[in-house]
Amino acid sequence: MPKSWKLEVSTRDALAVCATVVGMTGMAGCGPAAEGADAGGDAAAAVDAPRCVPDEATFRTDVLPRMERYCGQCHGDTPNFGATTGLFDLPTLLAEGEGGARLVDHIATRLHDGTMPPVGMPRIPEGDADAIAGWASCGAVDVAPSTGLVASAPPVLASETPPTGLETLDFQANEHAVGPDVRDEYRCFVFDADVAEDRFVRRFEMIYDETRVLHHLVLLRDPDRHAPDGDYDCYDGSGMPPGSQYLYAWAPGQSAMEFPEGGLRVSPGERFIVQIHYNNGASLPDVRDSSGVRLYLGPTEGPEYGMIAMGPTQFAIPARMRRNVESRCTVREDSRLFAGMPHMHLLGTNFHQGLERTDGTRAAIIDLSGWDFGTQLFYDLTTELHTGDVITTRCSFQNDTSDTVSVGENTTDEMCFDFAYVTPPPSARYCDEGDDDNPTDVAYLPSACLPMGTSTDVPLVRGAWVEASEPPPLGAVAPVPDGRYLLESADAYVTGLSTPIGTIDTATTYSLSRGQVIVQGGVLTYDVWQDSVVKSDSGVRFGGPAHFEFAAEFDASASPLRAPLTCGGTGSVNLHWGLEGDVLTVQFQTDMVPGQTLWSQFAFRRMP
């Protein structure tokens with residue numbers, strides 16, 4: 001988790017400016033932008049837009065969906081965050097107020113002069129802003145391209161007032177001294193949950209004390225209780241002990257985080273870590289801080305959420321270079337993405353997260369351009385996810401320094417993550433499978449052929465490609481005990497390396513596999529996911545992800561064996577196999593490499 005944010009906008013400032021979105025006589029605005037617009041009595045004069053009657057059909061089919069997405073949190077049917085009027089009712093937009101002013105004219109004006117969305121919030125993408133302003137002005141107003149942060153999804157805004165009837169649980173630093181020479185201190189404060197029964201966190205809220213030295217805060221759960229009692233220096237990364245889980249992250253500009261329903265589970269006696277990054281850049285004397293996080297707790301009703309960090313965990317940006325980095329994350333079970341906080345450091349320029357469905361269709365989850373290090377927010381990313389969908393996270397960087405910049409915790413290092421809330425809670429803290437050309441992991445999605453109740457906890461195995469005239473021996477044909485066998489090696493043997501598109505480079509060619517075999521009652525169930533990364537000396541990659549799944553009648557008296565399928569297709573499968581001790585080896589021969597013979601050999605070890 002980053003040690004990288006600097007304080008520029010307070011949470012309450014970010015919420016307060018929401019009221020400046022629309023200003024007109026009879027509406028409550030706030031801040032200089034709203035006051036200046038109201039003073040003239042005719043805000044539309046700012047762009048000299050002629051009086052017009054915008055098209056109703058265009059409003060219903062094109063403009064309203066955009067306004068619901070980008071303006072709905074403040075200006076929906078029930079106005080919020082200081083707004084006093086909704087923007088989704090066409091007669092209301094066209095009605096004349098005092099002095100003949102209309103809401104629809106103010107919409108065009110605000111988009112044109114850059115005061116909608118309000119100061120401190122990301123800009124609306126140019127195409128959407130143009131569509132809204134052009135409709136509202138009958139084509140008279142054109143929104144200039146923004147030079148600031150532009151987001152394709154709206155920020156998640158929580159109300160200033162928390163829901164009623166909830167208990168609170170505070171985790172705070174206790175007058176922690178931040179000396180005048182402190183620049184990058186990471187202090188971890190450890191707490192045990194003082195609750196009598198399981199509760200859901202409905203809302204997270206920052207407790208502010210010494211904002212002059214406060215950079216960021218992270219809340220983690222420590223289920224295995226690795227963290228020591230009290231507080232400790234965790235600059236060395238010990239603030240994220242093995243098995244710990246992200247729960248909440250705060251950075252400048254971020255408001256409270258509130259779940260629309262349900263929440264995040266807290267159990268009695270659970271251990272939590274609050275990691276705070278301090279930086280006393282102004283060398284202020286006698287600074288003591290008691291900042292922290294407040295949890296609003298309610299009953300365990302509704303969906304349960306967890307947090308996962310999606311993005312590449314290893315990369316470097318060469319000096320004076322631009323570079324895009326990305327990684328993929330395969331969805332392991334049907335779930336729903338609620339909100340996410342994209343995160344980069346100082347060199348970031350653009351952020352993209354996209355989704356590829358199992359049927360090949362693609363959709364953007366969020367795009368950010370004009371990255372602003374001081375404005376890091378949770379965005380509404382509500383998306384239904386299905387098993388096998390692939391999420392790609394990509395960051396763009398511009399390194400104008402004379403040094404290579406790598407992944408790290410410091411402000412001058414870099415990161416590329418989306419810290420996302422998902423329901424049901426994901427089992428992993430990170431999801432990084434590498435990019436398409438250089439994967440670092442392969443997802444294991446269990447086959448329907450597996451017996452009910454089979455564990456899906458299988459290790460990652462990295463395999464090599466070897467040039468050989470024949471593969472190694474398989475072992476003996478002998479009775480195979482019933483049981484569960486986990487994959488422990490997966491290598492390929494090929495008679496030659498020459499192919500029509502170049503010579504296979506065995507130094508850079510590899511495979512990633514996860515799988516298992518179940519032998520039970522005369523049936524062998526085989527379930528292996530593998531991603532083969534085969535690279536030629538010319539740099540061309542071939543191969544790719546594949547799933548090998550079947551169940552077949554298994555006669556342990558012969559190899560090779562023509563085994564009739566009982567699941568995963570019709571007909572039979574040709575099994576070459578052998579047993580040596582507790583290791584069952586299965587081999588398949590293919591013509592995947594043109595002009596060569598390829599043997600893929602998988603060894604599985606029987607579990608006790």
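1. A polar contact here is a pair of N or O atoms within 3.5 Å; within protein, one atom must be able to donate a hydrogen and the other to accept it. In this predicted model, the side chain of Gln516 makes such a contact with the side chain of Tyr444, at 2.9 Å.

2. Gln516 lies in strand 29, which covers residues 510-520. Buried means under 20% relative accessible area. Gln516 has a relative accessibility of 0%, so this residue counts as buried.

3. Next, helix 6, residues 126-136. Of its 11 residues, 8 are buried, so helix 6 is largely enclosed by the rest of the structure. The buried set is Asp128, Ala129, Ala131, Ile132, Ala133, Gly134, Trp135 and Ala136.

4. What covers these buried residues? The cover includes helix 3 (56-75), helix 4 (90-94) and helix 5 (103-113). Just after helix 6 comes Cys138, with a positive phi of about 55°.

5. Strand 32 (residues 545-553) and strand 33 (residues 561-567) run antiparallel, joined by 2 bridges. Ala551 is placed opposite Cys567 of strand 33.

6. Strand 33 also pairs with strand 34 (residues 572-580). These two strands run antiparallel and are joined by 4 bridges. Here Ala563 faces Val573 of strand 34, standing opposite it.

7. Strands 33 and 34 form a hairpin, with 4 residues between them. Check the turn at Gly568: its phi is positive, about 90°.

Definitions and conventions: Residues numbered from 1 in each chain as written. Predicted model: local features only at pLDDT ≥ 70, side-chain atom pairs only at ≥ 80, totals over all residues. Heavy atoms only, no water. Buried < 20%, exposed > 50% of the residue type's maximum accessible area, 1.4 Å probe, protein only. Pairing = 2+ DSSP bridges. Contact = heavy atoms within 4.5 Å.
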